[in-house]
Amino acid sequence: MSKTVLTVDDSRTMRDMLMLALTEAGYHVVQAEDGVHGLEVLRATEPDVIVTDINMPRMDGYGFIKGVRGDEQHRTIPILVLTTESDAEKKDRARRAGATGWIVKPFDPVKLVDAIRRVAT
Amino acid sequence: MAMDAMAVIKQTFFQECEEQLAELEMGLLAIENGDHDQEIVNAVFRAVHSIKGGAGAFSLDDLVHFAHIFENTLDLMRSNRLQPTPEVVKTMLRAADVLADLVRAARDDGDFDDARTEALAQELAALGNGGVAVSAAQEKEEEVDLSQFRPRPIAFNFDEEPAAPAEPEKKTFSIRFKPKPDLYAKANEAALLLREIERLGVATITCDTSELPLLSELDPEGAYLAWTVELKTDADEATIREVFEFVEWDCDLEIKGDAASEAEELDVLALIRKVREAVEPEAASVSPEESVPAKAREPEDRGPVKSADILKIDQSKIDQSKADHAASGPQQTTSRVDRDRLDRLSELVGELVINQAMLAPRVTEAGLARGSDVTVGLDELEQLTRGIQDSVMAIRAQPVKSVFQRMPRLVREVAAMTGKSVRLFTEGENTEVDKTVIERLADPLTHMIRNAIDHGLEKPEKRLAAGKPEEGLVRLSAAHRSGRIVIEVADDGAGIDRTRVRASAVNKGLISADAQLSDDEIDNLIFLPGFSTAEKVSDISGRGVGMDVVKRSIQALGGRISITSKPGQGSVFTLSLPLTLAVLDGMVVTVAGQTLVVPLTAIVETLQPKGADVHGFGGGARVIAIRNMFTPLIDVGRELGYRNEAADPLTGVALLVESEGSMRSALLVDAIQGQRQVVIKSLEANYRHVHGIAAATILGDGRVALILDVDAVVANSRADMTAYLEPNLALAG
């Protein structure tokens with residue numbers, strides 16, 4: 001059975017690109033548009049890995065990560081954040097919020113899959 | 001395959017850009033109006049950030065470059081290091097325009113104004129420097145910084161393995177890796193990292209379990225294990241460190257090159273099994289396949305340690321966040337539906353409405369009692385039908401926002417061209433109306449706004465002299481009023497100069513010099529074809545498009561336009577439009593035994609002609625005197641070829657209609673049956689174009705009725721009449 005990746009991003013473009021890269025790599029993908037939506041989808045779909053953007057309306061990536069880490073049922077799910085290269089501060093903040101790792105935007109599909117493999121089977 | 005998919009995503013990206021650009025502009029305008037809500041600043045930042053992100057993925061370098069500078073400046077504003085003064089926001093609005101141009105240039109493979117882009121990029125950078133212009137050296141530095149931002153092209157090719165670096169020489173590394181509890185708390189997994197290390201070459205992994213306490217003393221959230229890895233690989237140290245990239249803060253990591261060690265060989269699976277055996281003896285029988293994906297620390301292993309509290313706190317934050325959002329307005333979820341399907345649905349609902357209307361009289365005819373099951377069921381059907389009709393109309397309805405959003409930019413541009421200072425104020429942009437109406441509203445509105453700034457507002461000096469604020473105000477508003485949408489374009493300019501308008505109309509032969517006109521009538525002269533009050537045709541309004549064209553396009557939508565003006569205080573143009581183009585308010589009339597529908601919007605009034613008022617000319621042409629104005633009397637029956645002989649006007653009804661160019665005519669029909677809403681059916685789509693007929697409809701009794709094209713009938717009749725009466729026709733005035 002293929003692994004399920006939950007992607008959380010408010011940009012349709014980014015969601016579509018993640019979908020393309022991940023499905024081509026054999027993952028099953030579920031999507032959410034922001035942190036609040038992400039927590040809802042999380043509970044409904046039980047993903048194996050989460051890839052999330054940081055800057056989103058309603059609930060940003062930090063809030064979302066804390067939400068996942070605070071959820072007894074889902075706290076062990078690896079979470080990768082999407083961030084731009086220059087955002088050392090963001091990376092650090094995401095890490096402190098409980099992110100498992102990060103993917104640099106614009107992402108290289110090969111590196112994306114590499115990163116997922118590094119945090120999930 | 002992948003390339004096609006990318007092309008589709010690219011399209012999505014440009015669509016999304018338009019949404020982000022609209023969001024950006026709206027946010028900046030709100031900030032300009034003094035709304036300093038942090039969420040608005042965030043939304044504005046996010047819009048630019050999103051555009052940059054997508055642009056990077058498609059290697060749209062110019063766009064990324066500009067968006068990056070813009071983003072940096074917005075970031076300063078976001079963190080309160082840059083105050084949103086009017087000057088700052090104005091620059092940002094212009095930057096938003098440049099960004100929009102760059103997006104469109106990228107989308108259409110078109111050009112953009114290089115100099116303007118560069119100038120604004122520098123202005124933005126200068127804002128970041130506290131208004132100090134960027135010196136050459138700093139600029140250079142900025143360039144260097146930006147070079148990090150070159151988007152990396154994406155190779156969506158999964159069939160090919162990335163080329164392995166040609167480095168034959170193998171080295172041996174000694175790695176010591178000791179996770180801290182935080183590593184596990186962030187859902188990182190030591191075993192997975194070790195597996196990645198193993199991929200790099202030949203690894204000998206030793207697990208150090210010396211710190212492992214007794215099970216009874218073991219903290220499920222603790223970290224007790226450490227690993228030593230002897231790795232023979234052609235990868236370099238950086239590659240090894242990259243494996244631990246995510247965990248370098250959460251573990252002790254030592255990597256030494258060219259070390260030798262005699263470690264016990266263990267593969268990762270055996271290792272995990274060993275660990276599990278140590279931690280929980282009952283799990284010893286777990287097969288290796290299962291033990292890989294299974295976390296060394298399953299949730300149930302951890303026990304209820306403090307996590308309930310964590311959950312509680314975070315849940316409350318989530319709730320708070322939800323509440324915050326609820327306060328800031330509902331999130332819209334949308335589905336994209338093919339337009340044809342929607343049209344088909346509207347059509348079917350139209351049929352349903354007609355069918356339902358047909359049933360009612362049949363039931364009455366059948367003599368069924370009012371309280372009978374059939375009657376009651378029919379009443380319910382009527383309710384449901386109406387409900388469905390409303391819902392379908394709601395699906396087709398969209399807020400006028402999409403058109404209103406284009407106006408701020410227009411205002412800025414026209415203001416810059418005319419040297420006027422203008423503030424645009426919009427309200428009611430969430431007012432909904434049929435999508436088709438919205439699409440056809442953009443041009444007339446654009447023209448009216450241009451007009452309001454160019455002709456309505458005075459030059460700043462003049463305004464100051466008149467004791468008004470230097471900045472002119474243009475208000476654009478929308479509201480629902482009695483089943484229609486009413487849009488107003490108002491300005492606080494000088495108002496209509498009636499003396500000049502009148503003189504100009506006389507000059508152009510539109511009215512006679514001694515015509516008696518009320519103020520209102522003078523104001524409405526500007527809607528006459530070929531009327532232009534500007535002494536000198538300006539670049540902006542004088543494009544050969546006059547207010548007559550605006551009026552014409554509004555009428556084509558079944559709408560009306562009017563103007564009220566107060567000298568020295570300004571003018572208000574009022575548009576009233578139907579909420580949908582699928583149904584029409586019509587006057588049902590009888591002509592030569594046929595039933596016709598005349599659009600109600602065209603009818604000014606109805607009257608019973610009196611013998612003394614009707615005057616005949618040769619060739620059957622007649623005029624009717626209405627309040628001392630001679631108005632052509634058009635026999636609809638003859639015009640459409642239903643009869644050859646002219647009908648007796650005294651037994652019929654005259655409908656005073658207003659058609660193209662504010663010309664009034666009287667349509668003679670035999671009788672009025674009533675007024676009703678009809679569903680418009682295209683005649684062209686079902687039959688062919690018929691002169692004088694706009695469309696068809698099906699009445700409640702199931703008969704087809706034609707909808708009159710008032711403009712066409714009037715124009716045709718006037719052409720006939722003019723040909724006949726050419727030398728001495730002087731109807732106007």
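These are my notebook entries on two chains of a predicted model.

**Entry 1: the sheet in chain A**

I began with chain A and asked myself in which order the strands of its open sheet lie. I found 5 strands in the order 2-1-3-4-5, with parallel pairing. Next I looked up which strands stand at the edges. They are strand 2 (28–32) and strand 5 (101–105) of chain A. Each has a single partner strand, so one side of each is left without a neighbour in the sheet. I also noted the twist, which averages 25 degrees from one strand to the next.

A reminder to myself: strands of a sheet pair through backbone hydrogen bonds, either parallel or antiparallel.

**Entry 2: one pair of strands, close up**

I then picked strand 1 (residues 4–8) and strand 3 (residues 49–53) of chain A. They run parallel and are joined by 4 bridges. To have one example to point at, I looked for the bridge partner of A:Thr7 in strand 3 of chain A, and it is A:Val51.

**Entry 3: helices on the sheet**

Which strands does helix 4 (residues 88–97) of chain A touch as it packs on the sheet? I found strand 4 (79–84) and strand 5 of chain A. The direction of helix 4 makes about 165 degrees with that of strand 4 of chain A.

Helix 5 (residues 109–119) of chain A packs on the sheet too, and it touches strand 1, strand 3, strand 4 and strand 5 of chain A. Its direction makes about 175 degrees with that of strand 5 of chain A.

**Entry 4: chain B in numbers**

I turned to chain B and counted 26 helices and 22 strands. Of its 733 residues, 31% are buried. I also checked the contacts in chain B with a separation of 6 or more: residues 24 or more positions apart account for 68% of them.

**Entry 5: a hairpin in chain B**

Here I looked at strand 16 (residues 622–626) and strand 17 (residues 629–635) of chain B, which pair in the antiparallel sense over 5 bridges. Opposite B:Val623 I found B:Pro632, in strand 17 of chain B. The two strands form a hairpin with 2 residues between them. In the turn, B:Arg627 has a positive phi of about 45 degrees.

**Entry 6: one alanine**

Last, I looked up B:Ala119, which sits in helix 5 (residues 114–128) of chain B.

Terms used: Residues are numbered from 1 along each chain as its sequence is written. Chains are lettered from A and ligands numbered from 1 in the order in which they are written. This is a predicted model: local features need pLDDT of at least 70, side-chain atom pairs count only at pLDDT 80 or more; totals for chains, interfaces and linings use all residues. Two strands pair if DSSP finds at least two bridges between them. Axes are lines fitted to C-alpha atoms, for helices over the stretch in contact, and angles run from 0 to 180 degrees between N-to-C directions. Two residues are in contact if their C-beta atoms, placed from the backbone, lie within 7 Å. A residue is buried if 20 or more other C-beta atoms lie within 10 Å of its own, exposed if 12 or fewer, and partly exposed in between; C-beta atoms are placed from the backbone.
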